[in-house]
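Please read the following briefing alongside the sequence and the coordinates.

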Amino acid sequence: MSRPYLFALLLAAAGFAHAADKLKAGTFDPPREAPQIALKAADGKDFALDKYRGKVVVLEFGYTSCADVCPVSLALLKQAREKLGALGDKLQVVFVTVDPRRDTAPKLKAYLEQFDKSFVGLTGTEEQMAAIRKAYGISATKKMVEGSKTEYTMGHSSYLYFIDPQGRLRALMPFGRPADDIVHDVSLLARGQ
Amino acid sequence: MKRRLAVLALVPATAIAAALAWAAYAPIRSASHDALFEIPQGTWARRMAGEKAEILPDTITLVLGVNDVLLLRNSDTVPQIFGPVLIMPGQDFRLPFEQAGEHPFACTAHASGQMTVVVKPTPLAGWQRLQWRLQSLLDKAPWRD
């Protein structure tokens, strides 16, 4: 192989490696420590976010009555976890409800089990959930369904929040990215990038 | 004499044609894909004092493959919320876009509380690329509409 050709190949490989090393999600620089979350999980066990050091935690904020965003994101996360193979154990999905009034622990647990039994659900009092949202800079707005006095929907962030194995809030992925993008970013973070 | 004049006229015409052809067909290369928006120190204080402190435009236009990374820098002393993103003082948030489209965001750094990021496709070789280059010459920061 001629030297110029080999050099060009090396350059191309270096460029590819550089592109492949970047997260596909939006990233923070410098990253800050993810605000602590400590609650009783939907399965009745105590949950503390800092107990998941060593894993990549993906937080999703949503609610079980969500018709469009939440089920799509949860299905993508399930798909990503499967695609990760052996690395799947390094991913912990945590679903934080923005509608604690309707999302009781049993309802949340049953809802998440439809997607993946490893997914953790968090619900609590209105105040507890509002404090978590505030720490992560998330707003949730209630909108009454037209013609109904009881039915409502919740407007909420559709981003996925990536916390690295050191417990730092590293990245936010917009809604609708393919499962492969989640796999890509979880793999990088799990490997310590 | 006439022939010499014709040749002299042909030289600049050829040069212009070559420049236009280059502008229309040469691949677009950019040193950085970042479109930087900085929230300067004192923004919050000025706003609290009732001053107008417009930092971000209503619309940010990005171009895929050219400047397709939105870089938000919070140089203020208080956290700022940009859509779902809480950016701490001294922190950057870098959001790459891979698809063309319109992305509306709620934003506390903007007086109206709203802004839209428009992501345009990569200018195709030919008229689109020529138009983009001409616009870039006129505007140092073409993503600010």
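What follows covers the contact between the chains, the salt bridges, the nonpolar core and the cysteines.

This is a predicted model. Chain A and chain B bury about 1,400 Å² between them, and a search of the whole structure finds 14 salt bridges over all chains, while the number of disulfides is zero.

**Contact between chain A and chain B**

- In the contact between the chains, 20 residues of chain A meet 16 residues of chain B, and 54% of the area buried between chain A and chain B lies on carbon and sulfur atoms.
- Phe28(A), Arg32(A) and Tyr159(A) together supply 33% of the area that chain A buries against chain B, which is more than any other three residues supply.
- One salt bridge is counted between chain A and chain B, and the side chains of Lys24(A) and Glu98(B) meet in a salt bridge with an N to O distance of 3.7 Å.
- Four residue pairs are in polar contact between chain A and chain B, with both residues at pLDDT 80 or more.
- On the side of chain A that touches chain B, the elements giving two or more residues are strand E1 (26–33) and helix H4 (126–136) of chain A, and E1(A) gives the most, with seven residues.

**Salt bridges within the chains**

- Arg102(A) and Asp99(A) meet through their side chains in a salt bridge of 2.6 Å, N to O, and both Arg102(A) and Asp99(A) are buried.
- Lys40(A) forms a salt bridge with Asp46(A), in which the closest N and O atoms are 3.2 Å apart; Asp46(A) is exposed, at a relative accessible area of 66%.
- In chain B, the side chains of Arg46(B) and Glu51(B) form a salt bridge of 3.9 Å, N to O; Arg46(B) is partly exposed at 30% relative accessibility, and Glu51(B) is partly exposed at 44%.
- A network of salt bridges links Arg81(A), Asp89(A) and Asp116(A).

**Nonpolar core**

- The largest nonpolar core has 76 residues, of which Leu59(A), Tyr136(A), Phe162(A) and Leu70(B) touch the most other members.
- Not counting residues up to four places away in sequence, Phe162(A) touches several residues, among them Val56(A), Val57(A), Val58(A), Met173(A), Ile182(A) and Leu189(A), and also including Arg168(A), Arg170(A) and Asp185(A).

**Cysteines**

- Cys66(A) is buried at 7% relative accessibility, and Cys70(A) is buried with a relative accessible area of 0%.

How values were computed: Residues are numbered from 1 along each chain as its sequence is written. Chains are lettered from A and ligands numbered from 1 in the order in which they are written. This is a predicted model: local features need pLDDT of at least 70, side-chain atom pairs count only at pLDDT 80 or more; totals for chains, interfaces and linings use all residues. Side-chain values use heavy atoms; hydrogens and water are left out. A disulfide is a pair of cysteine sulfur atoms within 2.5 Å. Buried means under 20% relative accessible area, exposed over 50%, partly exposed in between (1.4 Å probe, protein chains only). A nonpolar core is a set of buried Ala, Val, Leu, Ile, Met, Phe, Trp, Tyr and Cys residues joined through side-chain atoms within 4.5 Å. Contact means heavy atoms within 4.5 Å. Buried area is the accessible area (1.4 Å probe) that two parts lose on being put together, summed over both. A salt bridge is a side-chain nitrogen of Lys or Arg within 4 Å of a carboxyl oxygen of Asp or Glu. A polar contact is a pair of N or O atoms within 3.5 Å; within protein, one must be able to donate a hydrogen and the other to accept it, and residues adjacent in sequence count only if both atoms are side-chain atoms. Helices (H or I, at least four residues) and strands (E, at least two) are DSSP runs, numbered from the N terminus.
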